[in-house]
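Hi everyone, thanks for coming. Please have a look at the model on the screen, and I'll walk you through a few places in it.

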Amino acid sequence: MDDRGRVPFALVGVVLLVTATAVGATLATRDTPTGTNAADRAADRALAGARVALERATIDASAAAAANPVVTPADTAYGRVLRDDFAFRDALELRVYAATRAAFADLNARHGDATARVSLDGIDSPSDARRAIRAVEIGEIRPGRVCVTVRNATLTVTENGETVGVRERAVSVVVDTPVLALHDRTESFAARVDRGVIDGYGLARETTLRLAPYTAARGLAQYAGAPIANVLANRHVEVAANDGLLAVQRATFGRASNPSEAAVGRAYALTGVTDALAVTRSSARARATRILDSMNATPAQPPADPTAKSSLTPAGAADSALLDVLDGGLESALADAYRVDARRLVRVTRTAHRADAATPPANWTRRATDTASETAVTAAPARPVDAPRDFTVLETIDRRVTVTRTTRTSWTNGSAVRTLSSVERSTYHVSVALAARPALLDGVPARPVDALDERVTAAVRRALLPDGADALAANAVTSDVGTLAETVAVAPPSALREPTQAIGRGTTAPERSR
């Protein structure tokens, strides 16, 4: 270096040469499957596979816990390992540990001459089960997502048949599973069912809220002279309790099952019919008594001789006639209540079209033409069909209709005849939806159709698809079938018909207490 601070070019060349040699040696040995680098690569692959295996094991264990939940520990050596207040969670952690151990058994990672595997200790005694539960930690990040950690997993690395490292590692993974959220909601539902009225929200409070206005109305009606023996009967408590239970279910889980809501609706209808029937029967007897009093008619006394004959008194005849009329009126009311307005909605979409026309020979004359059509109907993937407002879609039917038209044309040049065929093929997607709503009745608010009631669907299908879905689909591609609307009668359930059948025609059975 001179006085100006310059570096000789020879020195710069030596520095560059040494640096390039060191970098090249590092890059050349980075990915070689030898030495400690191969063991580290095998260990990394084993841990990555362990995380995938833990995720799969957690999903399987969650499904098993949801299908067969453990809520109360069994009185056995293994059952006493579970805590009474956390039996479900402890059992889930034990399931996760067992499933993860089985998944780790099939895990074996290799890189070059190095092999790595992850393992968990077995469960051979209740103390091992307790240790397994403590080794698993399940934390809920948010409803439907949990973080699962399995500690004390053994990572073993071997190279050329010799063990080069054994370490304990913790394996963690985030899994989407709703099992803990569903369990928490189930526990909340059970607590709300058992909770008292003044203790907070629950079944008792929902039932009381439904019974309070009902008992107040019936009490005022009784005070005004309505023939009500019991202000609150068992049938009222039963319906209110079931309706309250569905309300608690909706508040806890977000919704209630459709069959349960339909059953409660039918129970409300049956209870209302029973109450109305009792009041009407008493009113009918009161009117008959007033009529007989104005006619100065006196009911006949029972004959002293048991073998003697006795005719029916005017009071008995009046009661029998009124009950006959009431019986028929109730049957008519039930028939009106189970009459639905049905619609058949059809949508046709052409999805493909192809025409293969034969070219006629030049200077030939057409002699005759014959056309034949063939229609094939097969099942097709479902497509959504919008139902009119206030209508419920009961059933959707999708068909693929292929129409093939073959035209045969004869040509002649005076001495020879040639027949050519032209084929035209069109494919259509036909979507058919059957929808219904309860027939509108005077003074009765709109109510939903029970889409799960097969009787409604079957009745609408018989009325709107008399020839079957295939015949309708085949007809829809060649003609405008349009929307068909009809009023369909559905037979009421036998449970609703029992009150009317319990009233004997022409009898004067004593009233039951209400």
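This is a predicted model: local features need pLDDT of at least 70, side-chain atom pairs count only at pLDDT 80 or more; totals for chains, interfaces and linings use all residues.

Let me begin with a term: by contact I mean heavy atoms within 4.5 Å. Residues are numbered from 1 along each chain as its sequence is written, and side-chain values use heavy atoms, with hydrogens and water left out.

Now to Val81, in the loop between helix H2 (35–67) and helix H3 (87–105). Helices here are DSSP runs of H or I with at least four residues, strands are runs of E with at least two, and numbering goes from the N terminus. Which residues does Val81 touch, leaving aside neighbours within four places in sequence? They are Pro126, Ala129, Arg130 and Ile133. From Val81 to Asp128 the C-alpha distance is 9.8 Å, with the two 47 residues apart in sequence. Val81 counts as buried because its relative accessible area is 10%, and buried means under 20%, exposed over 50%, partly exposed in between, with a 1.4 Å probe and protein chains only.

Asp341, in strand S6 (residues 339–356), is also buried, at 16%. Its side chain makes a polar contact with the side chain of Thr487, at 3.3 Å. A polar contact is a pair of N or O atoms within 3.5 Å; within protein, one must be able to donate a hydrogen and the other to accept it, and residues adjacent in sequence count only if both atoms are side-chain atoms.

Next, helix H7, residues 234–253. Just after H7, Gly254 has a positive phi of about 95°.

Finally, the strands, which pair if DSSP finds at least two bridges between them. S7 (residues 365–379) and S8 (residues 392–412) run antiparallel, joined by 14 bridges, and Ser373 stands opposite Arg405 in S8. S8 also pairs with S9 (residues 417–438), again antiparallel, over 20 bridges; there Ile397 faces Val432 in S9. Four residues lie between the strands in the S8 and S9 hairpin, where Gly414 takes a positive phi near 105°.

How values were computed: The expected span of a helix is 1.5 Å times one less than its number of residues.
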